[in-house]
Amino acid sequence: MPLAAAIILYPLRKEKWTWALPAFLRFLSWFFLLLLLFNPKLRQVGQNIIKPLMVVLADNSFSISHLNATDDALDALAAIKNNRDINERFEVKIYSFGNEVTLDDSLKFNAPYSDFNQAFGLIKQLYKDKNYPLLLLSDGRQTYGNDYI
């Protein structure tokens, strides 16, 4: 580098550190130019914990109350809802079914009939791309619709 250019870029003064600011600015300009040239891609890696799904189908038909099993059905449903191990491992979805399927965990046992085929078909349609355990709370008496077996 010629002496004249060195004098212009880095003036010779008797003060200490007068060359530091121009040198630092030159470093920053080269650094950002190289940074733009290489174009680094920064990505953030995160971790999400997704619980598997567990579907509970509870029979809400009149046949449960006719068999005097309403307390057993309500106790079984409460045991599932209040079980800490199940709730930690699964995302529990509770559906009640009779003549229609509802996303509801309160059972009144007032549906006129049980249509298992409709309930299974709706659940299969809702969660067609997922693998899930299915828990069926019922007396097993199908009174309407196609045979679910």
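In the predicted model, F32 has a relative accessibility of 46% and therefore counts as partly exposed, a class that lies between buried (under 20% relative accessible area) and exposed (over 50%), as judged with a 1.4 Å probe on protein chains only. Because the model is predicted, local features need pLDDT of at least 70 and side-chain atom pairs count only at pLDDT 80 or more, whereas totals for chains, interfaces and linings use all residues. Residues are numbered from 1 along each chain as its sequence is written, and side-chain values use heavy atoms, with hydrogens and water left out.

Rings of Phe, Tyr and Trp (its six-membered ring) were taken to pair if their centres lie within 6.5 Å, with planes under 30 degrees apart counted as stacked, over 60 as edge-to-face and the rest as tilted. This rule gives five aromatic pairs. The rings of F27 and F31 are stacked, because their centres are 6.1 Å apart and their planes meet at 20 degrees. F31 also pairs edge-to-face with F32, at 5.4 Å centre to centre and 65 degrees between the planes, and F27, F31 and F32 form one aromatic cluster. Both F27 and F31 belong to helix α2 (residues 20-38), four residues apart, or about one turn of the helix; helices here are DSSP runs (H or I, at least four residues), as strands are (E, at least two), numbered from the N terminus.

In helix α6 (residues 116-126), the buried residues are F116, A119 and I123. They lie on the same side of α6, because they cover an arc of only 70 degrees around the axis, taken from the directions from the helix axis to the C-beta atoms. The face turned away from this buried side carries the exposed residues K124 and Q125.
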